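Hello,

Here is the structure I promised to pass on. My notes follow below it.

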Amino acid sequence: MIYSTHTFELTLIIDTKKFCKLKDKAYEKAKGNYRVYYDEYDICHDEAFKDEGIKIEYHDNTFKKKIRFIVNPTKVLGGNDIKKLWKPNNDNISKLLRKLQEYIDSYFASKYKLNDFKLTRMDFTVNINVGDKKNVSAYIKVLQNIGKVKGFKPKYYKKDKKNKKIDHDLSFDLDGNSNGVEFTAYDKEGQSKQKEAKGILRLEVRLKKQKSISKYTDETVIAKQIKKLAPNSRNIFLDFFTDIVPYGNYYKKKEAVKLVEDNISKQKHREKMLRLIELIPKKKSLYLAQKEMNDRNIDKIMEMFAEINVSPVTISKRHKVDFLESLYSYLLAE
């Protein structure tokens, strides 16, 4: 399994005069070559390096003017992030940093360097091939049954259904309450509209604030931060994934109950586990179900589910599948 740094965001903060001058120059250079345009959020997009795997954005905020380079390392290094994600190592990280510096020199006529930017976001990603679109959809639906978890809330609510850009059937999205982290699981084929992504469930952990990035590195120079974080993609991803997604295979409620009854001998433990299975769909949240139980040994209860390889989060009655293999069987495979 390849754990990759799929996207990172470089932010340059500059004064208003320089910001306007650079934006005007972007329009001038783009004439007849590529697009520079505003979106509905008043963000100016420059597609100068779009084909090279870099998106450029101008954020004209009231107090801070920002230019962002949103980088897809796999594409910058000439790869295809659907067929095969970038696997970071010392050599290709150095190559990536050299190429980034070249693009920055080219764009700013050597007036700014990579280390003039701040690292403001980093995404850690895996592609899991679960066979076909039907299986991808089944995993997303069962993950949605997790609902709210400790430290996270759903990123999108039912009221967002009016927003046509959000397809709730294609993803499960969580936003950290205060930790600067997002988690998403989505249908890569549905998102990319590319047939080669068929059967790919993409999972991503995003560090979106300085404090979440600084948890994993005390470096302040951007090149050193990337050198430290990228090779640690697996550990960073699993740190958050294991807090969000319980271990174990997924079953319909009736079968999960039977497996607990057949494999847990102590009545006290068995009753607690069965109560958790019962509460999760009622509360529509793993966290709220655990909170309702008010058991100081809830971590031990979760460990017992893991020991028998059964997830307390069950497959809904209305869903046609009866069984899904644990995502950990893919993630922990060599």
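Over how many bridges do strands β9 and β10 pair, and in which sense? β9 (residues 181–187) and β10 pair in the antiparallel sense over 7 bridges, where pairing needs at least two DSSP bridges between two strands. Thr184 stands opposite Glu204 in β10.

Before going on, please note that this is a predicted model, in which local features need pLDDT of at least 70, side-chain atom pairs count only at pLDDT 80 or more, and totals for chains, interfaces and linings use all residues. Residues are numbered from 1 along each chain as its sequence is written, and side-chain values use heavy atoms, with hydrogens and water left out.

β10 also runs antiparallel to β6 (residues 118–129), joined to it by 8 bridges, and Val126 stands opposite Leu203 in β10. Helices (H or I, at least four residues) and strands (E, at least two) are DSSP runs, numbered from the N terminus.

Strand β10 (residues 200–207) is largely enclosed by the rest of the structure, because 8 of its 8 residues are buried (under 20% relative accessible area, 1.4 Å probe, protein chains only). Ile200, Arg202, Glu204 and Arg206 point one way from β10, while Leu201, Leu203, Val205 and Leu207 point the other way.

Now to helix α10 (residues 267–283): at 1.5 Å a residue its 17 residues should span 24 Å, and its end C-alpha atoms are 24 Å apart, which agrees. The expected span is 1.5 Å times one less than the number of residues. Met273, Leu276, Ile277, Leu279 and Ile280 are buried in α10. The buried residues of α10 pack against α9 (253–263), α11 (286–293) and α12 (298–307), with contact meaning heavy atoms within 4.5 Å. Just after α10, Lys284 takes a positive phi of about 55 degrees.

Best wishes

Definitions and conventions:
Buried < 20%, exposed > 50% of the residue type's maximum accessible area, 1.4 Å probe, protein only.
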